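Thanks for coming. I have one structure to go through, starting with the overall fold and ending with two places in it. Here it is.

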Amino acid sequence: MLFKSAILLASAFALSASALPCGSTAPAPATPVAPVATPSLAAPSSAPPAKSSAPPALSSALPALSSAPPAQTPAAPAQSVAPSAGGAITADTILSITPATKSCATAEFPNECADAARAGPAISASFAKYEITEKGTQAALIAIMMFESGSFVYNKNHYPGRPGQGTKNMQMPDNNKLYAAALFPDKIAGATTPEAVLQLVSGDNESFGSAAWHLTTQCGPEIQKGLAAGDAKGWDAYLTGCVKTTHTPDRDVLWTAAKKVLGV
Ligand SMILES: *[C@@H]1O[C@H](CO)[C@@H](O)[C@H](O)[C@H]1NC(C)=O
């Protein structure tokens with residue numbers, strides 16, 4: 001379970017290695033690699049053994065596995081919740097989309113995990129910063145971050161352990177370099193390894209802000225309009241045309257739940 005889940009973390013943004021929306025050379029799509037017993041980026045040596053609560057969204061994230069039916073779906077997705085005043089994303093919003101975000105107590109790498117109480121305000125701040133006001137766009141960005149990070153458990157790629165890939169939408173190193181340079185122009189020169197670059201953008205505000213940054217700076221206006229519309233066509237165009245991943249049905253579970261909670 002652990003390895004089946006965790007190996008999938010190299011998914012979508014692994015395929016969008018280019019920092020540019022189109023045309024740039026992207027590495028070959030991630031080839032599923034046999035799970036290894038030792039995470040190559042194992043962070044804290046004190047990391048507890050894997051728990052059985054691997055997040056549901058990862059169960060069939062890799063394109064190679066896309067023909068498998070979604071193994072699990074969030075336990076109780078999308079309870080209706082009253083939108084908060086001002087439309088901010090709150091802990092309740094996040095919890096209602098997937099209860100898996102309730103706690104980091106069983107997270108494989110606890111120092112990478114952020115629960116709903118941390119995610120809500122950080123996501124809200126990013127939507128304010130990048131002017132993500134449309135509910136359809138908000139739902140899509142929350143959904144992709146949940147999917148890519150296993151309900152916000154992971155902050156970097158562990159399987160296979162691609163150095164510098166991370167943040168909550170599991171961006172590729174090239175994207176993180178651009179993102180970090182935009183946020184920390186005075187520090188980027190000193191970040192001489194992909195890991196150091198990722199470290200610059202690994203705080204909650206930065207990590208939860210990368211999906212909005214990516215959309216607003218690396219995807220074109222048509223993709224953005226499509227997401228704002230909140231329909232399947234726009235979602236598909238975003239995934240295949242800008243994230244450059246395979247649109248597998250399991251990605252729709254969290255997207256549908258997020259739309260329901262946000263009232264899209
Ligand atoms: C995150 O962003 C919010 C809103 O801009 C701000 O109030 C908070 O201080 C930031 N947190 C950190 C750790 O920078």
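The protein chain has 12 helices and zero strands, where helices are DSSP runs of H or I with at least four residues and strands are E runs of at least two, numbered from the N terminus. This is a predicted model, in which local features need pLDDT of at least 70, side-chain atom pairs count only at pLDDT 80 or more, and totals for chains, interfaces and linings use all residues. Residues are numbered from 1 along each chain as its sequence is written.

Of the 264 residues in the chain, 50% are buried. Buried is 20 or more other C-beta atoms within 10 Å of a residue's own, exposed is 12 or fewer, partly exposed is in between, and C-beta atoms are placed from the backbone.

Now the helix pair. The axes of α10, residues 221–229, and α11, residues 232–243, come within 7 Å and cross at roughly 145°. Axes here are lines fitted to C-alpha atoms, for helices over the stretch in contact, with angles from 0 to 180 degrees between N-to-C directions. On the α10 side, I223, G226, L227 and A229 meet residues of α11 including W235 and Y238; contact means C-beta atoms, placed from the backbone, within 7 Å.

Last, K102. It is found in the loop between α3 (91–97) and α4 (116–129). Is K102 buried or partly exposed? K102 counts as partly exposed because it has 14 C-beta neighbours inside 10 Å. Leaving out residues up to four places away in sequence, K102 touches L95, D115 and A116. Its C-alpha atom is separated by 7.9 Å from that of A117, 15 residues apart along the chain.

Key:
Two residues are in contact if their C-beta atoms, placed from the backbone, lie within 7 Å.
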